[in-house]
Amino acid sequence: MKAYADRAVVIRTWPLGESDRIVNLFTLSHGKLRAVAKGARGARSRISGLVQPTSELDLLLYQGRELDVIQQASLVQANMARGGVDPAQFGSAIEWLEAIDGLTLDRHPDPVVYDLMNRGLRMMFDEPSPTLLGALLIRLLEREGYAPNLSSCGLCGRTNAAYRAFDFSSSAPRCSGCGGEPIPPGVLDLTFEVLNHRVSGVLATHDPQIGREFEGFATRLVKEVVGRGLRSSAVIASLADNHRSSG
Ligand SMILES: [Zn+2]
């Protein structure tokens with residue numbers, strides 16, 4: 001069996017048989033993959049303490065026939081997998097990791113997403129902001145090629161309008177005459193700022209209500225993209241993207 005070392009964040013785990021766990025990992029060099037942590041369900045198992053959602057680990061893995069097997073693990077940082085973490089913060093971290101899981105392909109390494117994932121987890125713990133998860137989700141959508149086009153109404157093409165509505169199925173705003181779902185004021189402005197890489201101003205928004213509305217909007221965008229069956233179309237998009245960034 002071939003062994004390899006990698007660094008990874010634990011997205012989630014499932015029990016396997018009596019004593020093992022399947023671990024969904026986002027690794028730095030091999031992308032997203034599932035591996036087995038043997039003996040990870042024993043209360044005294046060292047590995048069960050380490051293999052927790054959100055924690056970042058240095059791993060030694062063996063290539064298995066179906067699933068790779070975690071042979072050694074050491075902690076890089078616990079992120080949210082430690083005592084005293086606010087359950088709401090932990091919930092945001094899980095939502096963030098599940099969005100990464102839903103929007104990325106298996107075994108498709110992307111160091112930019114890896115870095116964004118980790119920075120996001122660190123900021124959720126160190127400097128939480130009501131707009132943080134929304135901003136992270138918009139950046140992730142952009143990286144994966146699913147950023148909404150906010151420059152014109154998706155139906156009539158009118159530009160520079162004050163858009164108050166949005167069509168989620170086409171990820172485009174709607175001007176006042178073109179229908180769509182009403183969007184709380186300010187949400188599209190925050191989205192625009194993130195897409196134009198002015199994130200620090202967005203994170204300085206401390207209004208919890210705007211934060212919730214922005215997060216709800218970004219979460220909905222992610223769900224629409226994932227639900228659209230991105231996996232087939234995204235193979236092509238992400239191959240093209242990798243080609244661009246390597247060339
Ligand atoms: Zn219009």
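Two strands count as paired if DSSP finds at least two bridges between them. In this predicted model, 5 strands close into a barrel. A zinc ion is held by four cysteine donors, C153, C156, C175 and C178.

**Barrel**
- The strand order is β1-β2-β3-β5-β4, and the pairing is mixed.
- Neighbouring strands of this sheet are turned by 50° against each other on average, with direction ignored.
- Strand β1 (residues 3-16) runs antiparallel to strand β2 (residues 20-27), and 8 bridges join the two.
- Within this pair, R12 stands opposite N24 of β2.

**Helices on the sheet**
- Helix α2 (residues 87-103) packs on the sheet and touches β1, β2 and β3. The direction of α2 makes about 110° with that of β1.
- Helix α3 (residues 111-126) also packs on the sheet, where it touches β1, β2, β4 and β5. Its direction makes about 55° with that of β1.

**Zinc site**
- The donor atoms are the SG atoms of C153, C156, C175 and C178, at 2.3 to 2.4 Å from the zinc ion.
- Along the chain, the donors follow the spacing C-x2-C-x18-C-x2-C.
- C153 sits in the loop between α4 and β6, and C175 in the loop between β7 and β8, so the pair ties together parts 22 residues apart in sequence.
- Both of these cysteines, C153 and C175, are buried.
- The 4 donor atoms subtend angles of 104 to 117°, so the arrangement is tetrahedral.
- Ideal angles for four tetrahedral donors are 109.5 degrees.

**Residue T219**
- T219 belongs to helix α7 (residues 208-227).
- T219 has 15% relative accessibility and therefore counts as buried, the cut-off being under 20%.
- Leaving out residues up to four places away in sequence, T219 touches E95 and L137.

How values were computed: Residues numbered from 1 in each chain as written. Predicted model: local features only at pLDDT ≥ 70, side-chain atom pairs only at ≥ 80, totals over all residues. Heavy atoms only, no water. Helix = DSSP H or I, 4+ residues; strand = E, 2+ residues; numbered from the N terminus. Buried < 20%, exposed > 50% of the residue type's maximum accessible area, 1.4 Å probe, protein only. Contact = heavy atoms within 4.5 Å. Axes fitted to C-alpha atoms, helices over the stretch in contact; angles between N-to-C directions. Donors = N, O, S within 2.8 Å, 3.2 Å for Na, K, Ca; no water. Tetrahedral: all angles 85-135°; square planar, octahedral: opposite > 155°, others 65-115°.
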